[in-house]
Amino acid sequence: MSIGGRRAQLEGLAFVAPFLLLYAVILIYPLVAGVVISFHRADLFGARTFVGLENYGRLIGDPVFHQALINTFKLTILIVPPLTAITLVLALALNKRSRSAAFFRGLFFSSSVLSVTIVTLIWRFILTPDAGLVAEVLEAVGREPIPFLSDPDLTIPALAVTTVWWSLGLPMMLFLAGLQQIPEEIYEAAALDRAGRWTTFWRVTLPSLRRTMLLVIMLQTAAQLQLFGQAQLLTAGGPSGASRPVVLLIYEMSFARWELGYATAAAEVLFMLVLTVTLIQYMTASRRWEG
Amino acid sequence: MSLGAWIGVGIGAAIMAAPLLWTLLLSLKANAELMRDSGAAFSAPYTLENYRSILQGSSLVQWLLNSVIVSGGTTLGVLTLCSLAGYAFARLEFPFRRTLFAFVLLGLAIPEQAVILPQHQLFAQLGLHNSYPGLILPGLVGPFGVFFMTQYFKAIPKELDEAAMLDGASRFTLFWKVLLPLTLPAQATLGVFTFLASWNSYWWPLISATRSEMFTLTVGLASAQMNYAQTSGLGFLMAQAVFASLPILIVYIIFQKQIVRAMAGASVR
């Protein structure tokens, strides 16, 4: 019955085998297969010709891909900083044991349990100029409705607002958890030093939250670089690609144009981009903390 | 909290709640009235007509059933696989244990979009599209659950195992009768988290379930939204949105603590 016995060892493998098998077949194999497909001219139905780096070369010169990349960056920049700031403020305001604070926390978190389809359905009829809530309000004060979902300058901000509304819950909870972990003594010490509220915030609270802040920014950046459902459902990437992010382009390449090889190449590029950006954020932050 | 802060929170809460209330109001209005002017939503008469239409044989009920089967199946599968693997990674010695665990953690860095197209190819070859297994299987391979359960099993004192083994219990009895009941809080957290993620997942069911009778609620509502112009009107559409969010809002209200803990935990991985 020794713990390191041969039988015990086989038992260990038996316990992990079911998960590992599925994991290898459904996650790791497709990861590798994706790289392989990206070197082929391939359609959705299995026809394949090896073309080396041709797909990647095409991406470099493809203005549609460039626009999608720019849109993706714009969306990320319009979403992540406001989301981080708003949720930090909410967490600071709602870090209380009172009932009303609990109610507001619940309210601000509630949207994040909704699916992307419900969120876009709700926001479509906030933003659409012919029946939306904003249009009704504007009409009531005698203004013209604004075509948020079809004006090329407004579609990306509209997607950003929708996404921020949808995503408040998790970062707020992370900041709240971070605030809970700051020891009370530091605040007492700051009070003894007669530090004002602002000084306390800048010198005590904010530095103590830097890990949470980094986590929020990294998670949200990675998520928004892969934004998909909102754009597909709310604006269909339009008008003429003005709000089409990379993942929506990948979806269209494969399921509307059936160019699977080209689509996988774009997916690999985005994958590398997400990894790189996340890594840079992490390294910049940790270097600054050490320095 | 100061008065200024309360006013700020109040305004924020109003912006947060307005879309939800607007949706609810629209869903309670007759379609014909909204056709003329959606501003009618602000005034009576209100009606439950749209909700009755949903219950009287729209596809929504079938989609709801599909969502329950898929999310339930995924949750059950994840709990089983992750408990078994987590137990072994935390408490048993076997060849390549560390390597295999690192191999699993590697998966945390793989985003959906990097694997979904080859997955679609694979499932086409296996003939699994438009089936429940096809919708469930990709949800079972997330490494987070294994990591989460491994951490939890590690925290249980080893003396328990030794005592049970001295009593002549087999390794599986030990796992099943002694240790598993101790992990119930973790099972609840992971279960609720998995259920939510599966219920709301969009991209995979969108490309895998192409026949209307296999749609999940999330995908079904997307198709209803796309075809909105041809169909039955704004009030009905918004009633569908409310109807579809009810199950998940109920789950949210009951399991609020677990959900918050799971989401926070999932991101501190």
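Colleague: How many Å separate the centres of domain 1 and domain 2 of chain B?
Modeller: In this predicted model, the two centres, taken over C-alpha atoms, sit 34 Å apart.

Colleague: And which residues belong to each domain of chain B?
Modeller: Domain 1 runs over 1–47, and domain 2 covers 58–267.

Colleague: How many residues of each are in contact with the other domain?
Modeller: Eight residues of domain 1 of chain B are in contact with nine residues of domain 2 of chain B.

Colleague: OK, let's stay in chain B. Where does Ser67(B) lie?
Modeller: Look at helix 4 of chain B, residues 60–91; Ser67(B) is part of that helix.

Colleague: Is Ser67(B) buried or exposed, and why?
Modeller: Ser67(B) has a relative accessibility of 2%. Buried means under 20%, so Ser67(B) counts as buried.

Colleague: What is Ser67(B) in contact with?
Modeller: If you skip neighbours within four places in sequence, Ser67(B) is in contact with Gly72(B), Trp199(B), Thr216(B) and Leu217(B).

Colleague: Now Leu122(B). Which helix is that in?
Modeller: Helix 6 of chain B, which takes in residues 112–125.

Colleague: Which residues does Leu122(B) touch?
Modeller: Not counting residues up to four places away in sequence, Leu122(B) touches Val25(A) and Tyr29(A).

Colleague: Switching to chain A. What secondary structure does it have?
Modeller: Chain A has 14 helices and two strands. Chain A is also more spread out than a compact globule, because its radius of gyration is 24 Å, well over the 19 Å that the globule rule gives for 291 residues.

Colleague: What does chain A span along its principal axes?
Modeller: Its C-alpha trace spans about 80 × 70 × 40 Å.

Colleague: What share of the residues of chain A count as buried?
Modeller: That comes to 53% of the 291 residues. As for the surface, chain A exposes about 14,000 Å², and carbon and sulfur atoms supply 65% of that.

Colleague: What about contacts in chain A between residues at least 6 apart in sequence?
Modeller: Of those contacts, 68% join residues at least 24 apart.

Colleague: Last one: how many positive and negative charges does chain A have?
Modeller: There are 21 positive and 18 negative charges, and their mean positions are 9 Å apart.

Definitions and conventions: Residues are numbered from 1 along each chain as its sequence is written. Chains are lettered from A and ligands numbered from 1 in the order in which they are written. This is a predicted model: local features need pLDDT of at least 70, side-chain atom pairs count only at pLDDT 80 or more; totals for chains, interfaces and linings use all residues. Side-chain values use heavy atoms; hydrogens and water are left out. Helices (H or I, at least four residues) and strands (E, at least two) are DSSP runs, numbered from the N terminus. The radius of gyration is taken over C-alpha atoms; the globule rule is 2.2 Å times the number of residues to the power 0.38. Buried means under 20% relative accessible area, exposed over 50%, partly exposed in between (1.4 Å probe, protein chains only). Contact means heavy atoms within 4.5 Å. Accessible areas come from the Shrake-Rupley method with a 1.4 Å probe; for residues, only the protein chains shown count as cover. Lys and Arg count as positive and Asp and Glu as negative; His and the chain ends are not counted. The place of a charge is taken as NZ of Lys, CZ of Arg, CG of Asp or CD of Glu. Domain bounds come from an automatic or database domain assignment.
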